[in-house]
Amino acid sequence: MRWDVTIDMPAEILTFIDGFIDAFITWDLLIFFARKGGETVTLAQVSQILGRADKDVAVPLKKLTELKLLAVQKRVDGEITFRLNPESADLPAFKSFAAFNDQQENRLKILSYLLQKKVR
């Protein structure tokens, strides 16, 4: 559901936000994976780098995997890893979103939009 707000952002960015971000941790994860590119990481690595508890990161990671933006793999040692899914239909929109986040003014627009949506 798109909110009636007067924040000037491209429609593609708003659509991506509405489809993927339901919590600030999800925004953190999206930026994290934008910076990691195709690198694979474990839940523990993501949690440590973001300074969050594993339990706080696990649910949004699962959601991003279910949305097929992230791919999940099981290593030989049994550890689960995550990476951007190069076959995701949403990858172009994700890349636009990540580029949009490069400017502080745009991050403030996203923050304002998410606060108006009452995202926490």
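Q: Which helix gives the largest share of the lining of the largest pocket?
A: Helix α2, residues 24-36, does, with six residues. Helices (H or I, at least four residues) and strands (E, at least two) are DSSP runs numbered from the N terminus. The model is predicted: local features need pLDDT of at least 70 and side-chain atom pairs pLDDT 80 or more, while totals for chains, interfaces and linings use all residues. Residues are numbered from 1 along each chain as its sequence is written, and side-chain values use heavy atoms, without hydrogens and water.

Q: Which residues line the largest pocket?
A: The lining consists of W27, D28, I31, F32, A34, R35, L50, A98, N101, D102 and R107. A pocket is an open set of points on a 1 Å grid over the protein atoms alone, where a 1.4 Å probe fits, with protein on both sides within 12 Å along at least five of seven lines; lining residues have an atom within 4 Å of a point.

Q: How many of the lining residues are nonpolar, polar and charged?
A: Six are nonpolar, one is polar and four are charged. Asp, Glu, Lys and Arg count as charged; Ala, Val, Leu, Ile, Met, Phe, Trp, Tyr, Cys and Pro as nonpolar; the others as polar.

Q: Turning to the largest nonpolar core, how many residues has it?
A: It has 35 residues, and M9, I17, L30, F33 and F97 have the most contacts inside it. Helices α1 (11-20), α2, α4 (54-66), α5 (91-100) and α6 (104-116), together with strand β3, each supply at least two of its residues. The largest share, eight residues, comes from α2. Such a core joins buried Ala, Val, Leu, Ile, Met, Phe, Trp, Tyr and Cys residues through side-chain atoms within 4.5 Å.

Q: And what is I17 in contact with?
A: Beyond its neighbours within four places in sequence, I17 is in contact (heavy atoms within 4.5 Å) with M9, F97, I110, Y113, L114 and K117.

Q: Why does S47 count as buried?
A: Because its relative accessibility is 3%, and buried means under 20% relative accessible area with a 1.4 Å probe and protein chains only. S47 is found in helix α3, residues 43-50. Leaving aside neighbours within four places in sequence, S47 is in contact with R52, A53, D54 and V57.

Q: Now the strands: how many bridges join β2 to β3?
A: Five, and β2 (residues 70-74) runs antiparallel to β3. K74 has I80 as its bridge partner in β3. Their hairpin has five residues between the strands, and G78 there takes a positive phi near 95°.

Q: What about β1 and β3: parallel or antiparallel?
A: Antiparallel: two bridges join β1 (residues 41-42) to β3 (residues 80-84). V41 stands opposite F82 in β3. Strands pair if DSSP finds at least two bridges between them.

Key
Buried < 20%, exposed > 50% of the residue type's maximum accessible area, 1.4 Å probe, protein only.
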